Amino acid sequence: MEKMRQSCDCRWSVACRQKDDPVLQFAAEEWRRYVGMMTGRTAENFGGDTEKAELILGFGSDFIRESCMEGRLRYDGYFIKKEKGKIYIGSHYQRGVLFGIYDILSRNGCRFMKAAGVKEHVPETSIIFPEEVVENPDFEHRSFTITGTEITDDWAVETIEIVDWCCKNRLNAIFLHENIDNPIAGANSKVVAEIKKRGMLFEFGGHNVQSFVDRKYFETEPELFHLKDGKRQKDGNFCPSNEKACAMILDGIRSFLQKNKGIDILHLWFEDAISDSWCTCEKCRGMSPLQQQYKVIEQADRMVRKEFPDVRID
């Protein structure tokens with residue numbers, strides 16, 4: 001059972017081991033904001049001066065080792081530890097530190113909701129700090145999917161509220177499910193900025209990958225497109241055994257990633273059809289739709305790992 005004690009009569013100022021890290025600074029400001037609402041006190045942010053502060057935030061193997069927490073954390077789990085009059089919150093990842101901030105707030109009665117217009121409950125109370133907590137997630141990847149139909153400023157406002165709720169409830173990824181040919185600009189970029197501010201993973205993509213094989217080539221190069229009932233089809237998917245068609249797909253993915261930065265996981269989905277949209281030509285007829293997709297995705301995965309090492313595909 002966790003040991004708890006009433007906080008001493010101080011402001012619970014905060015400092016970050018990595019003082020220039022934007023996610024840690026966001027965590028520090030979230031702490032200050034909620035401490036102010038709960039206690040009426042002003043918690044000072046001392047930047048990187050950990051000697052002056054009562055609450056110390058940090059991430060990475062060095063901080064974990066110095067806190068004697070080696071081997072106790074997995075994924076983006078976090079620890080909260082009281083030692084020599086200070087409170088330490090640490091994790092392998094910056095977002096884990098932010099999760100630790102929300103953990104303390106939750107233990108003191110804060111509730112983060114997104115229902116019927118009620119966003120959160122913040123009690124007016126003194127703060128109780130745990131002596132030691134280690135929280136590890138059961139699942140490494142915890143994602144919330146948001147399907148964008150009309151990408152407007154109003155949509156962005158509502159979606160940012162969802163992003164905030166997800167982070168406060170320790171989800172670590174947001175998937176904006178949109179067609180792959182949608183640019184990450186305008187309202188989309190506002191949402192992405194909020195995802196990154198919290199250190200969460202950003203997933204993007206969906207259907208329409210087949211559009212990278214331009215339909216304007218159908219009349220002159222029909223072999224690029226899938227064969228159905230003995231005839232090449234302009235709509236639907238392409239022929240995955242055609243090297244030029246596959247090269248077009250890879251070029252389209254490459255161009256999209258070059259123009260749209262910040263994606264951690266790119267979802268590559270093809271035409272949304274149960275059957276009859278994949279190829280039955282002589283080279284393809286022995287492959288199932290799943291095998292035909294995998295033939296292309298395998299090539300895309302090799303290219304992305306080589307040229308965009310920080311991106312993974314699904």
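Trainee: Cys110: buried or exposed?
Mentor: Cys110 counts as buried, because its relative accessibility is 1%. Buried means under 20% relative accessible area, exposed over 50%, and partly exposed in between, with a 1.4 Å probe and protein chains only.

Trainee: What sort of model are we looking at?
Mentor: This is a predicted model: local features need pLDDT of at least 70, side-chain atom pairs count only at pLDDT 80 or more, and totals for chains, interfaces and linings use all residues. Residues are numbered from 1 along each chain as its sequence is written, and side-chain values use heavy atoms, with hydrogens and water left out.

Trainee: Back to cysteines. How many disulfides turn up?
Mentor: Zero, in a search of the whole structure. A disulfide here is a pair of cysteine sulfur atoms within 2.5 Å. For Cys110, the nearest cysteine sulfur belongs to Cys167, 14 Å away.

Trainee: What is the phi of Asn208?
Mentor: Near 85 degrees, again positive in a residue other than glycine. Asn208 sits in the loop between strand E12 (201–206) and strand E13 (227–228). Asn208 is buried, with a relative accessible area of 18%.

Trainee: New topic. What is the order of the strands in the open sheet?
Mentor: E2-E3-E5-E4-E9, five strands with mixed pairing. Two strands pair if DSSP finds at least two bridges between them. Strand E2 (14–16) and strand E9 (132–135) are the edges, each pairing on one side only. On average, neighbouring strands of this sheet are turned by 15 degrees against each other, direction ignored. Those angles come from axes, lines fitted to C-alpha atoms (for helices over the stretch in contact), and run from 0 to 180 degrees between N-to-C directions.

Trainee: How do E2 and E3 pair?
Mentor: In the parallel sense, over three bridges, with E3 covering residues 55–59. Cys16 has Leu57 as its bridge partner in E3.

Trainee: Where is Asp76?
Mentor: In the loop between H2 and E4. Asp76 is buried, with a relative accessible area of 2%. Its side chain makes a polar contact with the side chain of Arg142, at 3.1 Å. A polar contact is a pair of N or O atoms within 3.5 Å; within protein, one must be able to donate a hydrogen and the other to accept it, and residues adjacent in sequence count only if both atoms are side-chain atoms.

Conventions
Helix = DSSP H or I, 4+ residues; strand = E, 2+ residues; numbered from the N terminus.
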